[in-house]
Amino acid sequence: METDEIASKLVAWCNAGDFEKPYQQLYSDKIVSIENDGKAEGAYVEGFEGIKKKGEWWQENFEVHSSKASDPVVADNWFSVKFTMDTTHKPSGQRSKTSEIAVYEVQDGKIVKEQFFYNEKG
């Protein structure tokens, strides 16, 4: 698959609420996932096991009321997507609306790297 096709599928599945299908069909086994600069605990993970643990942590800590992915912007083997989310942090009960930019790298028809950029709360 070409980068633009991968980007379009990822956005379509995310907007349909299917966050598992991209991992199953678009991601490399050697995926690297980074939150902001990757320095906080759990902010840098590798492989499907790391992605799985990250997803479990997210589900344990956040209730998602709504989520929207923008149209992708594609440049060679890279693409970016803006995500907007309305979530509640389960431990605190605090509800917030946030946005982030996700940047993806594609090699050999698979996503090999994703990095998310957003303002840290705290």
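Trp57 sits in helix α3, residues 47–61 (helices are DSSP runs of H or I with at least four residues, strands runs of E with at least two, numbered from the N terminus). At a relative accessible area of 47%, Trp57 is partly exposed (buried is under 20%, exposed over 50%, partly exposed in between, with a 1.4 Å probe and protein chains only). The model is predicted, so to speak: local features need pLDDT of at least 70, side-chain atom pairs count only at pLDDT 80 or more, and totals for chains, interfaces and linings use all residues. Residues are numbered from 1 along each chain as its sequence is written, and side-chain values use heavy atoms, leaving out hydrogens and water.

Now for the inside. The largest nonpolar core has 20 residues, and Leu10, Phe79, Val81, Phe83, Tyr104 and Ile111 touch the most other members (such a core is a set of buried Ala, Val, Leu, Ile, Met, Phe, Trp, Tyr and Cys joined through side-chain atoms within 4.5 Å). At least two residues each come from α1 (3–15), β1 (27–35), β5 (78–89), β6 (94–107) and β7 (110–117), with α1 giving the most, six. Beyond neighbours within four places in sequence, the contacts of Ile111 include Ile6, Leu10, Phe79 and Tyr104 (contact means heavy atoms within 4.5 Å).

Asn36, between β1 and β2 (44–46), has a positive phi near 45 degrees and is buried at 12% relative accessible area. Asp108, in the loop between β6 and β7, has a positive phi near 55 degrees and counts as exposed at 81%.
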